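Work through the exercises below with the sequence and the three-dimensional model side by side, and try each task before reading its solution.

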Amino acid sequence: GKRAPPIGKGPSAGSKGGAGGKWTSPGGKWAPPGGKWASPAGKWAPPPGERARISKRRISGQLVQWKGKYGWIHPSEPINHPEVDRHSGKVYIGIEDIEGPELTDKCMVSFVAYADDTGIGAMHCRREGGAPAAKGAAGKGGVIKTNLKQSARPAAAAKGQAKGADKAGKKIAVKTELGEAEERGPAPPPDKAARWKVIPNRVVGKVIRWRGNTGWIKTPERIDCPGAPRHRRGIYLHEADVKKGYEMFVGAQVSFLVYADAEGLGAMHVMLTKDQPGPDAESPGAKAKVNGKGKGKGKGKVPAPAPKAAAKAAPSTPIPKATPLGKRFEMKMLAKDKVEGTVFADLADVSVDVACLRALFEEQPKGSKKNRRSSCPAPRAKREQVELLPLGRAQSVMIALKKQPLTPGVLRALELLDFDAEALTPEVCQVLLGAVPSPEEAGTLRGYSGDPAELRDVERQLLPLATMQHPSVGERLRIMLFKCTMQDLCGNVKGDLTSVRTALDDARSSIAFRVVLHHTVRLGTMINFNGGAEASAVVGGFNLDALARMAQFKAPGNSRVSLMHVLVAQVFAADADLPRKLVEDLRSVHRAAERPIAPLVEDIAAFCSEADHIAACAAARPDGVECSAEGASASASARLATLARSATAEAAGLREQLASARQAAKAALAYFAMPVFQPKDIDAKALELCALLSSFASAFERARAQIASDPLLAAACHRKAPGARPKAMQVPDCQAGG
């Protein structure tokens, strides 16, 4: 019952979740892949090797047992989790999860509880009253020791110190759940391998908060994802997800991709958009540079101001302030003494049409006639797009349409039900089946009476599909897919049924197999009844399942000889050509043994169902259905009717083939004394008979080859007269089936 220390640690309580997860919990929370919801209350049981934090605050307890590398803690308060009783209420602690001084037996500790596939464990564990370990400080036995001291300053002084340290980019002192002060450095970068993309396209937003190396982004529209309520401030941003060369500040307009993990929604591949406003100088961390050195990264000290003596330089001529013509153009002007030796040196005097500039850019009084009749029309306001489908459904449709666009050739083939069109392959039909609108969605699209240009791109692409009726676009794709695979399906099913019927007919009509069975009856009677005449007069046959046991029935005096060898030698002595004929007659049973009738029955039922569906669609199609081209409706109806007749005929042929195969199976079972009491058992009994005959034919051929290559074995299996040594068997060359 002892628990070995873990081989590897899963993600800690503050890390992001795994990629490929889904929103499946009872409370709508995101769960990483591979785990399961193990309790009615919706507790997450993580997959092997991963951890899930189960306590919102630190828990105290006593270290009741320590083994040098791991130990067990008895918590001072109950832990609400289904796995709490797995190790008698004790919590596992590994040496890799200890922070601060070394632990000893019976010491009081505090920790954060987690759950994994082996039970309840403790992480971030430290001695009661201890502080977290600093980076790079290691003690004995691999235990991380701390060099941080507990803050003893008054609350007001600590608050002012924390504020000043934050502005200088230092680590700040914060209070934990237990009340002790600890220094918290820059936020660690999120686990990029444990995330999944929510929206395929980039979205825009505004940085509403930026401090140190993390911040929050607000989007104009709410992201429709169950993880959005986890962070009320917006979408989480870390400097590791900002593209190199960009600088984040409060008020920055950014574009980014949205991802989700165990912590909620985050932004990645973040970059600034054009026409950025200036950074808010008063906001903390507003001018923190990303991917470079500077302030706001939580490291280093504020550089001291340069000495006054070193700042001696020639004073530059100040640029005078002036009132602009109208709206100010953002252009930082340089004084003439700053452009010596640059492209602006010896600036040429060029003429400017001042009157034209004033007419175009000078601010006009409000309500003036000139302003109302400006030669430059005001830009039109961007129209809001009409959304008829939910956001999640629209995203799924766009993913499918991006993989397989609705080209004019695809739309034309669907409209005309052109089964021979090259644009509609089985692969294209499979992809488009996931993008076609449902009957309710098609009704909503057809009921839209506004301008189609005002619709979103996804609704505009689906609008031609929604107008297809009798049959609908979904039924058309289903018919197209059936037409592409109909011939192959019919050929495969018919071929398998023919194999079964042929194998059973060959076995039933084989004279060589009948003679071999008669020899087998004689051998069995002699062995079981010691050559009794009374038994020979009564025994007339046997169950064919004994054929499979003949190769395992060994002679007590010679383990090399089996009853199968004796049967082959006896048959060869009676007729030297009989073994070859038997192998040829039973050659077809090997393929039939791999073709059970039951799956073929299911395939035939599915085929007949599709044929009935096509016939119903053809019958329900009204005359004169509107089509874009003249005669297109008639050609589509004719194609559908032709396909319905062909599918119905093929279905009838498959039913006849199935009935013929079952009739052959019933006759073969009766011929070989294998009675069937229920019609539903014919398929299973036929497969059993084919497998039995295939196994017997293979064993018979192996025994024949062994006797042909070993004269001593042949002599041991058959003696024509006492003391006579028969010649070695000469078996004609023939290939065994299977």
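**Exercise 1.** Locate Gln404 relative to the helices around it, decide whether Gln404 is buried or exposed, and list its contacts beyond the neighbours within four places in sequence.

Solution. Gln404 lies in the loop that runs between helix 4 (391-403) and helix 5 (408-416), where helices (H or I, at least four residues) and strands (E, at least two) are DSSP runs numbered from the N terminus. With a relative accessibility of 17%, Gln404 counts as buried, since buried means under 20% relative accessible area, exposed over 50%, and partly exposed in between (1.4 Å probe, protein chains only). Leaving aside neighbours within four places in sequence, Gln404 is in contact with Val410, Val428, Val431 and Leu432, contact meaning heavy atoms within 4.5 Å.

The model is predicted, so local features need pLDDT of at least 70 and side-chain atom pairs count only at pLDDT 80 or more, whereas totals for chains, interfaces and linings use all residues. Residues are numbered from 1 along each chain as its sequence is written, and side-chain values use heavy atoms, with hydrogens and water left out.

**Exercise 2.** Describe how helix 6 (residues 426-433) packs against helix 9 (residues 473-509).

Solution. Two packed helices are described by the angle between their axes and the distance between the axes. Here the axes come within 9 Å and cross at roughly 155°; axes are lines fitted to C-alpha atoms, for helices over the stretch in contact, and angles run from 0 to 180 degrees between N-to-C directions. That angle makes helix 6 roughly antiparallel to helix 9, because angles over 145 degrees count as roughly antiparallel, under 35 as roughly parallel, 65 to 115 as roughly perpendicular and the rest as oblique. The residues in contact include Leu432 and Leu433 of helix 6, and Leu477 and Leu481 of helix 9.

**Exercise 3.** Classify the ring pair formed by Trp72 and Tyr92, and then that formed by Trp216 and Tyr236.

Solution. The structure holds eight aromatic pairs; rings of Phe, Tyr and Trp (its six-membered ring) pair if their centres lie within 6.5 Å, and planes under 30 degrees apart count as stacked, over 60 as edge-to-face and the rest as tilted. The ring centres of Trp72 and Tyr92 are 5.7 Å apart with the planes at 75°, so this pair is edge-to-face. Trp72 belongs to strand 7 (residues 70-75) and Tyr92 to strand 8 (residues 91-94), so that the pair links parts of the chain 20 residues apart, and both residues are buried.

Trp216 and Tyr236 also form an edge-to-face pair, at 5.6 Å centre to centre and 75° between the planes. Because Trp216 lies in strand 15 (residues 214-218) and Tyr236 in strand 16 (residues 235-238), the pair ties together parts that are 20 residues apart in sequence. Trp216 is buried at 13% relative accessibility, and Tyr236 is buried at 14%.

**Exercise 4.** Work out the surroundings of Pro579 and which residues it touches.

Solution. Pro579 is found in helix 13 (residues 578-585) and is buried, with a relative accessible area of 2%. Not counting residues up to four places away in sequence, Pro579 touches Val571, Phe572, Phe700 and Arg704. The C-alpha atoms of Pro579 and Phe700 are separated by 8.3 Å, although the two residues are 121 residues apart along the chain. Phe700 in turn belongs to a cluster in which ring pairs link Phe513, Tyr671, Phe672, Phe696 and Phe700.
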